[in-house]
Amino acid sequence: MAKYSIFSLVKNAASHHQNWDRAWRDNRPKADGYDVVIIGGGGHGLATAYYLAKEHGITNVAVIERSWLGGGNTGRNTTIIRSNYLWDESAALYEKSLQLYEGLSQELNYNIMFSQRGVLNLAHNLGDVREGMRRVNALRLNGIDSEWLTAEQVKEFCPIINISKDVRYPIMGGTLQRRAGTARHDAVAWGFARAASARGVDIIQNCEVTGIRRENGKVVGVETSMGFVKAGKVGIVAAGHSSVVAGMADLRLPVESHPLQALVSEPVKPVIDCVVMSNTVHVYVSQSDKGELVMGAGIDAYTGYGQRGSFHVIEHQMGALLELFPIFSRLRMLRQWGGIVDVCPDASPIISKTPVENLFINCGWGTGGFKATPGSGFVFAHTIARGEPHALNAAFGLERFTTGHLIDEHGAAAVAH
Amino acid sequence: MLLINCPWCGPRDETEFGYGGEAHRARPADPSSLGDAEWAEFLFMRTNPKGAHRERWVHSHGCRRWFNVERHTVTNQILRVYPIGGTDAVAERPVEQVVETKEPKQGSGS
């Protein structure tokens, strides 16, 4: 892998950028199989493969993706990165991820356009205010930056916001995490793919996993549209399709798949330089580097795999946007898309061994998986390599649904479900 | 957007309804005899199929009555509407045989 630098840019400019190396090798499955096969070539799967190679020296790894890299939820989210979670277990996991993001462009030698522009979570009623202040205190106890802003301070931080008292849900304040922000989502997938490929990981695209083969109760490989692929261990990182893939090994999961949609406006000049989220009126918005407003809101109430989303959810979201920012009233929306999120009953992920030997699962990230991409890969790689969880994901096992040690993060999920 | 045929009020927009999750889940008859694993199964485990799904809906803004719906989770096509507790022969059909629908290509998005 050639290193990206100012010199490589100059050198390739001389040949009209016709001679760049491919970012990653596009492989076919190896006949003699792999130590680890990762099902799912999204950000989490690619990060897992990268950290398996980097942290644990396991390079005989394949990432199998049924479509193109990052064609699922990695390319379908609102790109927000933050670690302001209430409970200790989640705060530690998401903070690890945020810290990895802070060094990721350097580490991967790939510009993921990470921008720590600050994330505001608004409070519109007394309950929100109390919850927000509680969360600020909880975060600070966990060593994570967080501050409480009054309505006037919110206005100062984001001048175009409407803090009038004459609206249905006036802004009463908000929490701010300054280290939080956004990144280019595709670049996260591509950067991990390139770095993993450089360390020897095989990336197999347009190859659908159709079955998980077991012998004497142990997983020995996966059936795919390119034939049988032998594997010492298999990790499922299939986001919306977690239940479908886990079902291939007769594993039932406590997740339900729901459509979550996002949309972007026409591009405009820089107008909002932070991320604003509101759980009460329910919209989250930021501006991309191209100038589009990127917006998201809630999931559809019912389960689905159709990668769409209902119109009335958009209507609700636009109403919320205009209450916060009347300035956007004549902005036109450009396009909309849906991703399928696998939601756990406690709105926290599952990163775990399974009752099936040699089978591991990383799922249930629900509506907030993008921010966790590097951290998720880091702890899942550890879980697969060592056969036991890392300290950071020990609490996120499948067994918590039996023991009752749930990590209820509905409040921090920023999406109503 | 779904058009749901309420058995009492006729076809109405999805926004008039509330979703009640997977249908045909009965609370355990003898709760005290259940172990942790069985409780976990009842409380948290869901079928979550990619295909025909039987689920509960309530007409919140109409007659406020509950009923069951069988819906395809990829196409959102409503295959049938039937009463709560309905155990007619149709409900016993294997779900794969109910309808054949083509999945949209990934990336078709909207």
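Reader: Why does B:Phe67 count as buried?

Author: Buried means a relative accessible area under 20%, exposed means over 50%, and partly exposed lies in between (1.4 Å probe, protein chains only). B:Phe67 has a relative accessibility of 0%, so B:Phe67 is buried. Please keep in mind that this is a predicted model: local features need pLDDT of at least 70, side-chain atom pairs count only at pLDDT 80 or more, while totals for chains, interfaces and linings use all residues. Residues are numbered from 1 along each chain as its sequence is written, chains are lettered from A and ligands numbered from 1 in the order in which they are written, and side-chain values use heavy atoms, with hydrogens and water left out.

Reader: What makes B:Phe17 and B:Phe67 an aromatic pair, and which kind are they?

Author: There are 17 aromatic pairs over all chains. Rings of Phe, Tyr and Trp (its six-membered ring) pair if their centres lie within 6.5 Å; planes under 30 degrees apart count as stacked, over 60 as edge-to-face and the rest as tilted. For B:Phe17 and B:Phe67 the centres are 6.0 Å apart and the planes make 85°, which gives an edge-to-face pair.

Reader: How do you know that this pair links distant parts of the chain?

Author: B:Phe17 sits in the loop between β2 and β3 of chain B, B:Phe67 in strand β5 (residues 66-72), and 50 residues separate them. Helices (H or I, at least four residues) and strands (E, at least two) are DSSP runs, numbered from the N terminus. B:Phe17 is buried too, because its relative accessibility is 9%.

Reader: Which elements of chain B touch chain A?

Author: Those giving two or more residues are α1 (36-43) and β4 (52-58) of chain B. The most comes from α1(B), with 4 residues. In total, 30 residues of chain B are in contact (heavy atoms within 4.5 Å) with 31 residues of chain A.

Reader: What makes A:Glu107 and A:Lys54 partly exposed?

Author: A:Glu107 has a relative accessibility of 30% and A:Lys54 has 33%, so both fall in the middle class. They also form a salt bridge, with the closest N and O atoms 3.0 Å apart. This one links helix α4 (residues 104-108) and helix α2 (residues 43-56) of chain A, with A:Glu107 and A:Lys54 53 residues apart.

Notes
A salt bridge is a side-chain nitrogen of Lys or Arg within 4 Å of a carboxyl oxygen of Asp or Glu.
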